[in-house]
Amino acid sequence: MAATMFAGSAIAAKPAVSGRQGRRTLKVQAAAYNGAYAEELVATANKIASPGKGILAMDESNATCGKRLESIGLENTVENRQAYRELLVTTPGLGQYISGAILFEETLFQDTRKGTSMVDELNKNGIVPGIKVDKGLHPLANSNGESWCSGLDGLAQRCADYYKQGARFAKWRSVVSIPAGPSTIAVRDCAYGLARYAAIAQSAGLVPIVEPEILLDGDHDIDRTLEVAEMTWAETFKYLADNNVLFEGILLKPSMVTPGAEHAKKSTPEEVASYTLKMLRRRVPPAVPGIMFLSGGQSELESTLNLNAMNQSPNPWHVSFSYARALQNTVLKTWKGEEGNVEVAQQALLKRAKANSDAQLGKYDPSNESADAAKGMFEKGYVY
């Protein structure tokens, strides 16, 4: 039988008999998303995946942001959260190293203290505003103490509202725990939820960041992490394809392939790079524009060294960063909630952003780093 032409390539299809009449029909998988936002999605994804640039993740929930503020002696109030997030988005020159910023919903709709919107401040800096759209993790019934991520209910309307407010990309984080197994049902739920979210986000004009985080918790070795990461990403891309997600209009936010945080042997940046790139080449199509790694509790120095090691040779994708604590830790400690420290705190942010920009280009020099940059930030059982 002749092959059927579909999406620019020949796909051999077997005829299926349907109905009592015995008519032969041809069932072909629908094409990837090609709706009204298709060209814009591709353009946005590629703008974020620009050489030497990465993402500032500042989408901590109000509760998590409160914990950060309390660490420097500040109360968790709207005003204090506003002041800190204003410090970040108004940093002069930040757009030289940062191409996108993930915001919490409060920040997306918030103004600075001088009356300009946070979104406008980012746009003035050449930074694409993004938005966290998941509703957090919940216990997964009949699992080994694992979690599932909520937020699909009402997501289409929320994405439309976020687009109208100025967001152009989205983020959804689900997790996989190696000490918990992980169970087949937990991995499958993680992958399917991410795929449904990605399809809904694209239909509303938002580039979806796909983030199935392999948690650092555990004493397993790096080979076990590789095994679980490959399984998780295989399942994720299967469901992304099943949901007709446009791969050219997504970004990924994987965790690096490292040993568990409690494993006796620590990997070098070269080993982390080798294992992580091996996993990506086995699982991620080259159509994906950008891979923006999370730091996952690594120190500022460690996350930058590992990224730099991954960019010592060409990759099929833009391999970069989407860091939260690994960009903000020193900034917060420098600011201390004092207005007089804003400028020096912004300089600290620029320093960390530039370091990771250099790492994205494979040109990072750690010789000027402070001892504080090497301090680990892993928290066992960390709640985001």
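User: Where is Glu121 found?
Analyst: Glu121 is found in helix α5; helices are DSSP runs of H or I of at least four residues, strands are runs of E of at least two, and both are numbered from the N terminus. The model is predicted, so local features need pLDDT of at least 70 and side-chain atom pairs count only at pLDDT 80 or more, while totals for chains, interfaces and linings use all residues. Residues are numbered from 1 along each chain as its sequence is written, and side-chain values use heavy atoms, with hydrogens and water left out.

User: Is Glu121 buried or exposed?
Analyst: Glu121 is buried, with a relative accessible area of 6%. Buried means under 20% relative accessible area, exposed over 50%, and partly exposed in between (1.4 Å probe, protein chains only).

User: Which residues does Glu121 touch, not counting those up to four places away in sequence?
Analyst: With that exclusion, Glu121 touches Val89, Thr90, Thr112, Lys114 and Thr116, where contact means heavy atoms within 4.5 Å. The C-alpha atoms of Glu121 and Glu86 are separated by 8.7 Å, and these two residues are 35 apart along the chain.

User: Which side chain meets that of Glu121 in a salt bridge?
Analyst: The side chain of Lys124 does, at 3.4 Å from N to O. A salt bridge here is a side-chain nitrogen of Lys or Arg within 4 Å of a carboxyl oxygen of Asp or Glu. Lys124 and Glu121 are about one helical turn from each other because they are three residues apart in helix α5 (residues 118–124). Lys124 counts as exposed at 61% relative accessibility, whereas Glu121 counts as buried at 6%.

User: How many salt bridges does the structure hold?
Analyst: The structure holds 19 salt bridges. In one of them, Glu213 pairs with Arg173, with the closest N and O atoms 2.7 Å apart. Glu213 belongs to strand β11 (residues 207–214) and Arg173 to strand β10 (residues 169–176), so this pair ties together parts that are 40 residues apart in sequence. Both Glu213 and Arg173 are buried.

User: And Lys238, with which residue does it form a salt bridge?
Analyst: Lys238 forms one with Asp242, and their closest N and O atoms are 2.5 Å apart. The two lie in helix α8 (residues 222–242), four residues apart, which is about one turn of the helix. Lys238 is partly exposed at a relative accessible area of 41%, and Asp242 also counts as partly exposed at 37%.

User: How many bridges join β5 to β6, and how many join β5 to β14?
Analyst: Five bridges join β5 to strand β6 (residues 98–103), and these strands run parallel. Met58 stands opposite Leu103 in β6. Two bridges join β5 to β14, also in parallel, and there Leu56 stands opposite Tyr323.

User: Why is β5 described as largely enclosed?
Analyst: Five of the five residues of strand β5 (residues 54–58) are buried, so the strand is largely enclosed by the rest of the structure.

User: What about β11 and β12, in which sense do they pair?
Analyst: They pair in the parallel sense, over two bridges, with β12 spanning residues 251–252. Val210 stands opposite Leu252 in β12.

User: And helix α10, which of its residues are buried?
Analyst: The buried residues are Glu300, Leu301, Ser303, Thr304, Asn306, Leu307, Asn308, Ala309 and Met310. That makes nine of the eleven residues of α10 (residues 300–310), so this helix is largely enclosed by the rest of the structure.

User: What covers the buried residues of α10?
Analyst: The cover includes α9 (269–283), β13 (290–293), β14 (318–323), α11 (325–335) and α12 (342–360).

User: Over the whole chain, what percentage of residues is buried?
Analyst: Buried residues account for 56% of the 384 residues in the chain. Among the contacts with a separation of 6 or more, 78% are between residues 24 or more positions apart.

Terms used:
Two strands pair if DSSP finds at least two bridges between them.
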